[in-house]
Amino acid sequence: MKHGIYFFDSSVFMKAIQDFTAVIKEDPTNAQARLYRGRAYVKQHRYRNAIQDLAAAVHLDPSCWLAFYYRGCILRQTDPKRALQDFSVSVLINDTKENICSFLHRGIVYSEQCQWSLAICDFESVLALDSSVIFAYLNIGLILLLHLEQYYEAIQQFTNVIEIDPLNVRAYICRAQAYHKNHDLPNAVKDINRAIHLYPDKSQLYIIRGQYLVELKKDELASLCIQQFAEMDEESFMSQPVQRALIQSFCQNHDKAIECLYEATAIKPEPSPLVILGKIQMKADKTKDALRSFKKAMNLLMSSAKILPKTFETAELYYLTGLCYMEQKSLLRAHDAFSMAIRLHSRYPDAFYQRGLCRMQLRRAKCIEDFNRALTLCPSHFQAYMALATYYGSQGRYFQAILNCSEAIKIIPNSVQAYFYRGILKCQNKTFKAAIEDLSEVIDLNATCILAYYNRAICYHQIKDFRKALKDYGIILLLELNEEIAFKVLINRGLLYMELGDYANACEDFKGATLLSPDDSQIFQALGICYYRIHEFEDAVRSFDQALKLDPVSVDAYIGRGNSYMENGDEPGCKQAQKDFLRAIHLNPKCIKARVCLAYNLQVLGKFQRAWNQFTVAICMDPKCLAAYDGRASVCLQMGETFAAFLDTNAALKLTTTAPLLTNRGFINHLMGHLTCAMRDYQQAISVDPNYALAYFNAANIYFQNRQFSQAYCYYSKVLQLDPRNESAIMNRAVTNTLLNNTEEAKEDFEKAICLCPFSAAVYFNRANFYNGLKQYELAEKDISTALSIQPNDALMYKLRADIRGKLGFHKEAVEDYKQAVSIQDQIYSM
C-alpha cells in the first residue's frame, strides 16, 4: 500500500494502479486502496474504472468524504444531479476547510443549472472557510451582475477580489461591466483603463473602452480607441471586414458597419457575414434590408435538394426573420417564421416565446402553450413569465397574472417592470394596499418612475388616504413629464380636492387642466361647479358659458349656469336661470334635476302654483325623488296648504329617514298646533343626527313656548355649541336667561347678538325690555330708540318707549310716542 501511495504521489500512475490492484486482490474490502486506485484512474482519464472504484470505496466506507467528492467531480458534466448528491454528502460528512473544494464544485454545478441563490450560498460557504478564495468572489459577482441585476452588490464582490489581488485583470473588467450596468460610466472607464494598463496587448479592452466613451459622448476619444485597436493588429484588422463591421456597430456607427459588410458579401457571399449584416441592419431600423440579407443567407444554406439543414444556425435565421416581420406588424408572416425556427430546432425557447407573442396579438389562446414551452426549456425565461402575466391580465384573470409576475420577480428580484405590472394587476384586482407595496418597491428602485407615482396615488385615493395621494400627485407635477400625464394628474387631483370639499384648490387644478386641453367641455363644467361652491358666481357663469360653447347640448352645464344665476338673488338673474332650466328640459324632458331646479326658481319668483306643478311632474317621473317631495312641501307651506306639506314630508320620510326631513315635519306639526308630535319629531331628528342644530333650536322654541325655560336654555346652548354664530339662538337664549333671572348671562348673550346682528331691531327691542325689567331706564330708552331708528314704523316699539320715557319723567316725549303708536295702528286698521 505504501509502495502504491509513493508512486501516486510521484505521479507514476500505472505502477501505482498495479500496486493498489495487488492490495485489492489480497484484501477486497480495503476502501483506501479503492479510493487511491480510483483517483489514479481519474488522472489517466479512465473515468468508468474510476467511478467503479470510488463507488466501491463509498460502499466499503460510507464516511469517506473524498470518494464522494471525486465521484462528484467525474459526474459533474455527465450527470449533474448525481454530482450534486455526491458533493452534498461529502460536505455533510466533512464541512471543514479541508473539504472546501466540494462547496466550490457544488456552487459551479448550481450555477450551470441556473440555481443562482443556491450557488451563491455555496460560494459564500467557501469564503466563510477561507476568505482569500478569489474564484468564489468572482463567481458571486458574475451571478449578481449577469443574472440577478444586483449591480451594486456585484461591484462589492469584484472590489473584494481587487483588495486581495490588485493585479487581477478579470476583476477590473467585471467591475467595469457592473459600473456600466449601474450607469456609472466614469468609474467603468477607470477600471477598463486599469485593465489596459495591466494587459496593454489585449485588443478587446480597447473596444470596450471605446463603447463606454461613446456613451459618455466623448466621440473623439472613442475613435482613438478604435484606431489603437486597428494599429495593434493592422494587417489582421484591415483584412477582416467582418471584424471591422462589428467594431463599427459596437460604436453605434451602423451605416459604416453595413458598408463594410456589403463589400465583404459582394466579393464572397457567405451565410455568416450575411447574418451579421442582417443583425446590424435590424439595429439600424432597416428591417426590409435585413429581411433581404436573411433570405440570401437561407438560399446559400439550402442544399441542392432545396432543403435547409436542421441546425441551430438555420433556425436562428428564421427566428431573426420573424423578429423583422414583428417589427413590420406582419404577424402572420412572423408566426410562420417562428414556427419554422421551432421545426428546425425544437429546443429554441426564444422562438416559442416570440411565437407566443404573435399568437397573443392575433388573439389566439394557444399562446399560453408557447409561453409554457419556453419556460419548460428555460425555467429562468423572465419575459415568458411577463408575457403570461400580460395574457392573463388581459383576460381579467388577475390571480394567475399576479402569480406569473411573482415568478418573474424570483428570477430578477429588482425588476422595475415586474413589480410595476404586478402593482397594476393588484390595483385592477381591487387589492389596493398590496398594489401600493409593489408600486412603492418600484419607486425605491427608480425614484423617477412617473407612472408608479401616478398609479400609487390612485390606490391611495381608493383607500381614502388622501394626504398621501395628494403628495404623490404633487411629486409627479414636480418631475419632468409630458402634457398627457400632467393633464390626467390635474384632473385626478382636482376631483380628489372636490371629494375633500376643498373647492378652491380643485378650482386651481381645473384651471391648469383647461390650459392643457382648452376644448374639453367637461373640465369647464367641473371648474364652474368649483366656482359655484366657493361663491364666485360670476366666474361660475363664465365657466359654464365656455362649457356650453364647446358642447351646446350639455344639460348639466345649463343646470349649473342656472343655479349660478339664481345665487345673484336679483330678479334678472332668476329669469335668466329660468331660461337655462327650460333649455335643459327642452334638451332632456326626463331630466328630473332640471325640473326640480326650475320649480325652486318659480318658487323664488312667487309663482307657487307653477312651482307645485313642476315638483309634481318630477314626482310622477320618479316617485322616489326626495328633493321633489321636500320642495313641494315647502311650496305647500307658502300656499297655506299645511296638511299637504305634511303629506309630502311623510312621503319623503318613507323613502329615507334624515334629520332635516324629521325637523321639517316637526315644524309642520308645530304650525298645526301638534306640539307633542312636533317635539317627538325633533327628538327623533336629534337621535338620527346629534349634530343637527336646527332640530335643537326648534325643540328649544317649543320648550320656551311651554314656559319650560330651563330645558329651553339647555337646548339653545346646544345649538350654540354646534353653530356659535346663530344669532337667533343667542337672542332667544338671552330672553330665556332674562326670564330665568340669569342677569349676567343675559347681558353677555345680548352683547353677542348685537355683535352678530348690529342692524337687527328685534335684538335692541328685546334688550330694551331686559333693561326695563332691571329698571335701568336710560339704557332701555337708548336701545329702544336704536331699534326705532332701524324699524321706524312699529307701534309696539313706540308704546314701549313711551312707557320707559314716562318712568324717566319725560312725559311730553312719552305722550308723543303714544300718539305715534296710535297713528301707526290706525293706519294698519284702515288698510
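Modeller: Contact means heavy atoms within 4.5 Å. By that rule, and leaving aside its neighbours within four places in sequence, H381 is in contact with P349, D350, Y353, L375 and I411. Please bear in mind that this is a predicted model.

Colleague: Where is H381 found, and why is H381 called buried?

Modeller: H381 sits in the loop between α23 (367–377) and α24 (382–394). Its relative accessible area is 9%, and buried means under 20%. H381 therefore counts as buried.

Colleague: What makes the pairing of H381 with D350 a polar contact?

Modeller: The two side chains come to 2.8 Å, and the rule asks for N or O atoms within 3.5 Å, one able to donate a hydrogen and the other to accept it. The pair therefore qualifies as a polar contact.

Colleague: What makes R801 count as buried, and which residues is R801 in contact with?

Modeller: R801, in helix α48 (residues 795–808), has 13% relative accessibility; the limit for buried is under 20%, so R801 counts as buried. Apart from neighbours within four places in sequence, R801 is in contact with E781, I784, S785, L788 and D817. The side chains of R801 and D817 are joined by a polar contact of 2.9 Å. As for E781, R801 is 20 residues from it in sequence and 6.3 Å from it in space, C-alpha to C-alpha.

Colleague: How many aromatic pairs are there, and why is the pair of F312 and Y348 called tilted?

Modeller: The count comes to 15 aromatic pairs. F312 and Y348 lie 5.0 Å apart, centre to centre, with 45° between the planes. Centres must lie within 6.5 Å, and planes under 30 degrees apart count as stacked, over 60 as edge-to-face and the rest as tilted; the pair is therefore tilted. F312 belongs to helix α20 (residues 312–327) and Y348 to the loop between α21 (331–344) and α22 (349–361), so the pair ties together parts that are 36 residues apart in sequence.

Colleague: Are F312 and Y348 buried or exposed, or what lies in between?

Modeller: F312 has a relative accessible area of 36%, and partly exposed is the class between buried, under 20%, and exposed, over 50%; F312 is therefore partly exposed. Y348, at 6%, is buried. F312, Y319, F338 and Y348 form one aromatic cluster.

Colleague: Why is helix α5 described as largely enclosed?

Modeller: Eight of the eleven residues of helix α5 (residues 65–75) are buried, so the rest of the structure largely encloses this helix. The buried ones are W65, A67, F68, Y69, R71, G72, I74 and L75.

Colleague: What is the average pLDDT, and where is the pLDDT below 50?

Modeller: The chain averages a pLDDT of 84, and 87% of the residues score at least 70. Over residues 234–239 the pLDDT is below 50.

Notes
Residues are numbered from 1 along each chain as its sequence is written. This is a predicted model: local features need pLDDT of at least 70, side-chain atom pairs count only at pLDDT 80 or more; totals for chains, interfaces and linings use all residues. Side-chain values use heavy atoms; hydrogens and water are left out. Buried means under 20% relative accessible area, exposed over 50%, partly exposed in between (1.4 Å probe, protein chains only). Helices (H or I, at least four residues) and strands (E, at least two) are DSSP runs, numbered from the N terminus. pLDDT is the predictor's confidence in each residue, from 0 to 100. Rings of Phe, Tyr and Trp (its six-membered ring) pair if their centres lie within 6.5 Å; planes under 30 degrees apart count as stacked, over 60 as edge-to-face and the rest as tilted.
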